[in-house]
Each structure stands twice: as C-alpha cells, then as structure tokens.
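The sequence and the model come first.

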Amino acid sequence: MAFSASLSSPLGFHTHHPNPPAFSPKAPPKLTTPTTTIRPTTTTTFAIPPLSSATAPTLDGTTLAVIGGSSVAALAAVLSLTDPERRRRIQAEEVGGDDKEVVREYFNNSGFQRWKKIYGETDDVNRVQKDIRLGHSKTVENAITMLTDDGSLRGVTVCDAGCGTGSLSIPLAKEGAIVTATDISAAMVAEAQKQAEEQLLAGKDDLSQAPVMPKFEVKDLESLDGKYHTVVCLDVLIHYPQSKADGMIAHLASLAENRLILSFAPKTFYYDILKRIGELFPGPSKATRAYLHSEADVERALQKVGWKINKRGLITTQFYFAKLVEAVPA
C-alpha cells in the first residue's frame with residue numbers, strides 16, 4: 001500500500017560517503033527532472049524521478065476554507081471531529097483480527113482489484129491512479145538503480161518482502177538475481193506468478209536461456225526466514241505502527257547479509273496534518289491504517305541492530321511522498 005496527499009515538493013537523494021558513487025537514475029520520458037542541488041562536505045544530492053501512491057482525499061469547501069485561512073486552531077478543531085481509531089477498530093472487528101488481518105483481507109479482495117489495476121497497464125484508471133502508477137514505477141526504478149550501483153545482480157540473492165504483483169521481482173529476475181518474493185496476499189502472489197510467467201517464460205523455446213523464475217510465497221513479514229544478500233521492502237512499513245515497525249526492521253535486517261532497502265511514508269508535522277485531513281474523508285477504498293514513520297526513528301531502529309543508512313532520498317509527486325533508504329552493516 002502507498003500513502004497519498006495532495007502536495008508537490010522537490011526531492012533529493014543523499015549518499016553519505018567520503019567518495020560517493022555516481023547515482024544517476026534514468027529519467028523517464030515526458031518527465032521534468034528536478035534541479036540537482038550540490039550540498040557542501042560529503043553529502044551529494046541527486047535528482048530522482050518521483051514516486052506515487054494512493055487516492056488523494058477529496059476536500060469540501062468548508063475544509064478548503066479552513067486550510068486556506070491558515071487557521072491552525074480551526075484546523076485542529078476540524079480534525080478533532082474525526083475518530084479514525086474507532087473506524088479502524090470496526091474494520092478489525094469485521095475481519096476478526098488485528099491490523100495484519102485487515103491488510104490481508106483488503107489485499108485479497110477489493111484492495112487486490114484496485115492495486116492490480118494501478119500497477120497494470122489498463123487505461124481504466126483516473127488521473128490520480130495514473131500518477132500512482134508513474135510514481136510506483138519510479139520507486140522500482142530507483143530501487144533497482146541502488147541495487148546495481150555496486151555491479152551486476154547476476155546470481156545475487158534478493159528477498160522482495162511485500163512483492164505485490166511482482167513489479168520489482170520480475171525486473172530483478174531479468175537482471176539475473178535469484179529472487180524470493182513474498183506477500184501477505186495470496187491474490188497478489190498469484191498475480192505476480194502469472195505476470196512473471198508471461199514476461200519471463202512466454203515465447204522462449206529454450207527455457208534454459210530464460211531468467212530464473214522468482215520463488216513466490218504467501219507470507220507476512222513476521223514469517224520470513226532464510227538469508228539473502230539483499231532484502232528489499234517497499235511501501236510495507238506503512239501498515240505497521242512504530243512500536244511494531246522497530247521489530248520488523250530488526251527482523252528484515254537479520255535476513256540480509258549485505259543490504260537492506262526500505263521505503264516508508266515520512267512522519268513530519270506537515271505530512272501528519274495532511275494524513276489527518278485525509279482521514280476526514282476516508283471513502284470506501286481506504287480500508288487499512290496508514291502509519292507514518294520519522295526518518296530518525298527508522299535510523300535508530302537500524303542502529304540498534306548494527307546497521308547504518310548509506311543512501312537516502314525523499315521522493316514525491318503530487319499525490320504521494322516517501323523516503324527511500326539503503327542500509328548496510330555498520
């Protein structure tokens with residue numbers, strides 16, 4: 001799942017290294033690349049294409065008037081009328097479980113149909129969903145660029161934790177990686193398997209020349225095991241409150257031998273207000289909780305288990321914002 005809000009801001013990708021490696025993701029067609037900013041000392045900022053996510057809230061005239069007036073007190077009063085926790089408790093009761101069961105139920109049913117369409121190539125999407133699709137493709141592109149910075153992926157073991165419909169797993173397989181792809185949703189895993197067979201095996205008479213098929217499994221993050229050169233987890237921490245996210249980050253780091261790549265919705269005052277505004281207008285599609293995480297909290301969680309952030313970036317489009325970080329053993 002991804003998180004959205006109506007906003008637009010610049011983005012940067014930071015590499016903390018005395019001699020930072022070149023990072024120059026390919027700009028997609030018809031996109032305007034943000035201006036590159038060079039910071040002093042050892043931090044270099046790179047321009048990155050944007051990434052995107054879920055449906056933006058529809059605000060009525062009253063709410064827009066409150067925001068337009070820049071009245072913090074009035075906005076706080078409006079937000080106090082919402083009770084997202086009550087709505088979330090009802091969601092959990094309906095599926096007979098906690099956050100995890102709500103997520104599993106959503107992405108096996110209405111959420112699967114929604115995100116399959118967004119991640120696919122159908123024209124049956126609205127403007128916001130099209131922005132989400134573009135943004136998601138930028139997330140994948142940037143993650144792959146991170147992964148290939150140090151050389152070829154041929155033979156490298158990668159765990160794609162929260163693989164969705166295979167939008168990262170399949171390109172990794174094409175690069176020669178040995179991919180284990182997991183998702184909490186059986187529907188997502190089945191679609192990913194189907195897409196992989198169509199893109200990796202179809203039309204190949206000699207299967208020995210085809211890429212190694214990813215190994216797809218239905219698993220939640222807690223159930224993951226094994227050891228991998230690299231673990232990637234994109235847009236999944238949004239389903240975990242910080243109290244549980246710390247444990248998930250530690251668990252993912254325990255599976256990775258060399259690299260851990262994470263994306264998450266950053267928690268700042270501005271983004272938190274936008275999230276609360278969105279909760280005023282939940283709509284039928286907003287069926288799961290969305291948790292924001294501060295970069296400092298994520299970094300502390302990594303440091304506790306002996307990892308450090310090596311690269312970081314803020315990626316935004318009009319309807320989505322996320323942090324993308326690469327961590328390595330300290």
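## Chain overview

Of the 330 residues in the chain, 50% are buried, where buried means under 20% relative accessible area, exposed means over 50%, and partly exposed lies in between (1.4 Å probe, protein chains only). This is a predicted model in which local features need pLDDT of at least 70 and side-chain atom pairs count only at pLDDT 80 or more, while totals for chains, interfaces and linings use all residues. Residues are numbered from 1 along each chain as its sequence is written, and side-chain values use heavy atoms, with hydrogens and water left out.

The chain has 11 helices and 9 strands; these are DSSP runs numbered from the N terminus, with helices being H or I of at least four residues and strands being E of at least two. Among contacts with a separation of 6 or more, 73% involve residues 24 or more positions apart, a contact being heavy atoms within 4.5 Å. The accessible surface is about 15100 Å², and carbon and sulfur atoms contribute 54% of that area. Accessible areas come from the Shrake-Rupley method with a 1.4 Å probe, and for residues only the protein chains shown count as cover.

## Salt bridges within helices

The whole structure contains 14 salt bridges, each defined as a side-chain nitrogen of Lys or Arg within 4 Å of a carboxyl oxygen of Asp or Glu. One of them pairs E101 with R104 at 3.1 Å, N to O. Both residues belong to helix α4 (residues 99–108), and because they are 3 residues apart, about one helical turn separates them. E101 is partly exposed at 26% relative accessible area, and R104 is partly exposed at 24%.

K138 and E141 form another salt bridge, with their closest N and O atoms 2.2 Å apart. These two residues are 3 residues apart in helix α6 (residues 127–148), so the separation is about one helical turn. K138 is buried, with a relative accessible area of 2%, whereas E141 is partly exposed at 22%.

## A bridge between strand and helix

The side chains of K323 and E295 form a salt bridge of 3.0 Å, N to O. K323 lies in strand β9 (residues 320–329) and E295 in helix α11 (residues 295–304), so this pair ties together parts that are 28 residues apart in sequence. K323 is buried, with 9% relative accessibility. Through shared partners, salt bridges join K323 and E295 with E299 and R312 in one network.
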